Amino acid sequence: MLKNQRVFALILTLTLFLSACVAPAAQAPTSDTTKPPTAESAPASTTAGATDGAQVIEHVLGEITLPATPQRVVVLEWTYLEDLLALGVQPVGVADIEGYQTWLKVPVELDADVVDVGTRQEPNLEKIATLEPD
């Protein structure tokens, strides 16, 4: 019985030691819901400073300005194809159309003029370039 108690005490000590070594998780900042939002606290708009249909997209590496909403889109993954179709956008090129139509059954069909640009793992870059995507 004494041996079991020592093993238990050792495991408990190691557990407490290891849990003390782990840094606490960063807590998300809390917002005060009693105050109205100000210009400093409001999130930046994705179209801030954009004119004539241009869009400014902020990301972790900075920002990029798109002169207009892209119309000619090439999709290399089926997940993004489903997203585009759900938004009512028909791409000009899709990777592995045959596999997509075999394995995924979505109510929105691809247009007949959508071009297959190769496999998802190895798309044909020359074929994508001839489609002149935005």
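This is a predicted model: local features need pLDDT of at least 70, side-chain atom pairs count only at pLDDT 80 or more; totals for chains, interfaces and linings use all residues.
Residues are numbered from 1 along each chain as its sequence is written, and side-chain values use heavy atoms, without hydrogens and water.

The pLDDT (the predictor's confidence in each residue, from 0 to 100) averages 77 over the chain, and 64% of the residues score at least 70. Residues 35-50 have a pLDDT below 50, and this stretch has 10 contacts in the model beyond near neighbours in sequence; a contact means heavy atoms within 4.5 Å.

A nonpolar core is a set of buried Ala, Val, Leu, Ile, Met, Phe, Trp, Tyr and Cys residues joined through side-chain atoms within 4.5 Å. Buried means under 20% relative accessible area, exposed over 50%, and partly exposed in between (1.4 Å probe, protein chains only). The largest such core has 11 residues, including Trp-78, Leu-81, Val-94 and Tyr-100. Two or more residues each come from α2 (78-86) and α3, with α2 giving the largest share, four residues. Helices (H or I, at least four residues) and strands (E, at least two) are DSSP runs, numbered from the N terminus. Beyond its neighbours within four places in sequence, Leu-81 contacts Val-75, Pro-91, Val-94, Tyr-100 and Leu-110. Another core, of six residues, lies apart and includes Val-74 and Leu-131.

Asp-96, in the loop between β4 (93-94) and α3 (97-103), has a positive phi near 55°. Asp-96 counts as partly exposed because its relative accessibility is 25%. Glu-132, in the segment after α4 (125-130), has a positive phi near 50°. With a relative accessible area of 60%, Glu-132 is exposed.
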